[in-house]
Amino acid sequence: MGLFAGRRRAAPARPSTGSAPVADPTRSFSVRLESDGRTFVVPPGRSILQVLTDAGVEVDSFCRNGICGTCEQNLVSGEPEHRDSFLTADERAAGQRIMICVSRARPGETLVLDL
Ligand code: FES
């Protein structure tokens with residue numbers, strides 16, 4: 001995973017939630033760690049990556065702009081709004097991975113990460 005790995009860059013991200021409400025970067029959502037059940041609120045203006053690293057969760061990152069794929073995490077459940085430029089359209093549609101440096105979720109949604 002990550003750091004370009006010979007991948008062709010995906011088209012700029014657009015909301016992947018179909019007709020569902022689009023994530024609002026001015027409202028909070030939650031992330032839960034599958035391993036220990038800890039749940040964190042991701043407030044407006046903060047990324048999942050920032051919230052997790054502030055809490056002492058070790059997560060690799062590099063560009064922090066949704067480009068390199070280094071922060072990619074597996075999703076256990078929840079509906080993300082992909083804001084990266086790394087995943088392909090098919091990967092976004094599958095909803096199994098997320099770039100936690102930029103991607104978000106709808107207000108009130110809980111994303112469960114395989115961490
Ligand atoms: S750190 Fe590069 S895509 Fe997240």
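A nonpolar core here is a set of buried Ala, Val, Leu, Ile, Met, Phe, Trp, Tyr and Cys residues joined through C-beta atoms within 7 Å; buried means 20 or more other C-beta atoms within 10 Å of a residue's own, with C-beta atoms placed from the backbone. This is a predicted model, so local features need pLDDT of at least 70 and side-chain atom pairs count only at pLDDT 80 or more, while totals for chains, interfaces and linings use all residues. Residues are numbered from 1 along each chain as its sequence is written.

**View 1. The largest nonpolar core.** It has 19 residues, and Ile-48, Leu-49, Met-99, Ile-100 and Cys-101 have the most contacts inside it. Two or more residues each come from β1 (29–33), α1 (48–54), β5 and β7 (110–113). The largest share, three residues, is from α1. Helices (H or I, at least four residues) and strands (E, at least two) are DSSP runs, numbered from the N terminus.

**View 2. Around Cys-101.** Leaving out residues up to four places away in sequence, Cys-101 touches Ser-47, Leu-49, Ser-61, Arg-64, Asn-65, Gly-66 and Cys-71. Touching means C-beta atoms, placed from the backbone, within 7 Å.

**View 3. The five-stranded open sheet.** Its order is β2-β1-β7-β3-β5, with mixed pairing; strands pair if DSSP finds at least two bridges between them. At the edges sit β2 (39–42) and β5 (97–99), each pairing on one side only.

**View 4. Where β3 meets β5.** Three bridges join β3 (residues 72–77) to β5, and the two run antiparallel. Gln-73 stands opposite Ile-98 in β5.

Notes
A residue is buried if 20 or more other C-beta atoms lie within 10 Å of its own, exposed if 12 or fewer, and partly exposed in between; C-beta atoms are placed from the backbone. Two residues are in contact if their C-beta atoms, placed from the backbone, lie within 7 Å.
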